[in-house]
Amino acid sequence: MTDSASSSDKTPSFEMTWGSSTSSGYCSDEESDSEFEQYFTARTSFFPKTRKTPVTASVKKDEQTDSGKQEWTAADVQQKVKEYNAQINSNLFMNINKDGSYTGFIKVQFKLARPVSVPAPKKGSQDAGERRSSGVKRRTSFYLPKDASKHLHISSRTSAREVIEALLKKFTVVDNPGKFALFERSERHDQVYVRKLSDDERPLRLRLCAGPNEKILSFVLKENETGDVNWHAFSMPELKNFLRILQREEEEHVKQIVQRYALARTKMQEALAGSTPG
């Protein structure tokens, strides 16, 4: 493994390796050629169904962030990197640079509930030429597989925001990085603890503090939920597509209710016809 860390604080370098690839098992949800955006989805509902999830709780700051605030000497870094590498069973080692920084790998899992947008495939047709001349940019949106993950080779100076931007760039996702957030996840005493990282936190430092065990610490990319959905962050084609999905769901719910009441009415009428007066 080559040492690729940049000596500049502002321009850390990234080397990325696939943890898993996206699935090709998507069905087309395209309805109209007039739409500027195509959507491919393996889901049938805009709103996720309620399901059982592990118990989660907020991580106490004094348990998770104190180690990230402590100042380390060069000797501290060397000792921690040595201890970390001694626990590695693969070639994903950490390396110390001459400028005192260090580089290593982090694994990020994708837990996205909404689709992401990528540039539409380029076509040499006349229609594609007309779109380019009109300045219209087409996009393709799809759901990432739930088990998708990626390894990033980053520097100790790489921030959580830069990790998000690097992940989106690798997947050629054109969505606003502000839609996403990086979380740390840990398991202790049969409890799952999740904490949202601030933009300026250093994921590799957290990885070094926790060691290579994924149960003690892992990283997850999720939507940047701040309460209500910020619909203004979505493009016009995305919003139109969401409205189409909502309309289909509404029509399906109405259809189910009508069928349920029709069945109940039929059974009651059958019961009345078979009953004797008095």
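In which loop does His189 lie? His189 lies in the loop between β10 and β11 (191-196), where helices (H or I, at least four residues) and strands (E, at least two) are DSSP runs numbered from the N terminus. The model is a predicted one, in which local features need pLDDT of at least 70 and side-chain atom pairs count only at pLDDT 80 or more, while totals for chains, interfaces and linings use all residues. Residues are numbered from 1 along each chain as its sequence is written, and side-chain values use heavy atoms, with hydrogens and water left out.

**Confidence**

- The protein has an average pLDDT of 75, and 67% of the residues score at least 70; pLDDT is the predictor's confidence in each residue, from 0 to 100.
- Residues 1-44 have a pLDDT below 50, and this stretch has 114 contacts in the model beyond near neighbours in sequence. A contact means heavy atoms within 4.5 Å.
- Residues 52-65 also have a pLDDT below 50, with 22 contacts beyond near neighbours in sequence.

**Overall organisation**

- The protein contains 7 helices and 12 strands.
- Of its 278 residues, 37% count as buried; buried means under 20% relative accessible area, exposed over 50%, and partly exposed in between (1.4 Å probe, protein chains only).
- Among contacts between residues at least 6 apart in sequence, 74% join residues at least 24 apart.
- The accessible surface comes to about 17,600 Å², of which 52% belongs to carbon and sulfur atoms. Accessible areas come from the Shrake-Rupley method with a 1.4 Å probe, and for residues only the protein chains shown count as cover.

- In α5, 8 of the 11 residues are buried, namely Ala160, Arg161, Glu162, Val163, Ile164, Ala166, Leu167 and Leu168.
- In soluble globular proteins, nonpolar side chains tend to be buried together.
- Not counting residues up to four places away in sequence, Phe219 touches Ile106, Lys107, Val108, Gln109, Leu182, Phe183, Leu197, Pro203, Leu206 and Arg207.

**Aromatic pair**

- The structure holds 1 aromatic pair. Rings of Phe, Tyr and Trp (its six-membered ring) pair if their centres lie within 6.5 Å; planes under 30 degrees apart count as stacked, over 60 as edge-to-face and the rest as tilted.
- Phe110 and Phe171 form this pair in an edge-to-face arrangement, with 5.0 Å centre to centre and 90 degrees between the planes.
- The two residues are 61 apart in the chain, with Phe110 in strand β6 and Phe171 in the loop between α5 and β10. Both Phe110 and Phe171 are buried.

**Salt bridges**

- The count comes to 7 salt bridges, each defined as a side-chain nitrogen of Lys or Arg within 4 Å of a carboxyl oxygen of Asp or Glu.
- Arg157 pairs with Asp99, the closest N and O atoms being 3.0 Å apart. This bridge links distant parts of the chain, 58 residues apart: Arg157 is in the loop between β9 and α5, and Asp99 is in the loop between β5 (95-96) and β6. Asp99 is partly exposed, at a relative accessible area of 36%.
- Lys179 and Asp175 form a salt bridge at 3.5 Å, N to O. Lys179 is buried at 12% relative accessible area, and Asp175 is buried at 5%.
- Arg207 and Glu214 form a salt bridge at 3.6 Å, N to O. Arg207 is buried at 2% relative accessible area, whereas Glu214 is partly exposed at 36%.

**Positive phi angles**

- Most residues other than glycine have a negative phi.
- His189, which is not a glycine, has a positive phi of about 55 degrees and is exposed at 74% relative accessibility.
- Asp190, also in the loop between β10 and β11, has a positive phi of about 60 degrees and is exposed at 83% relative accessibility.
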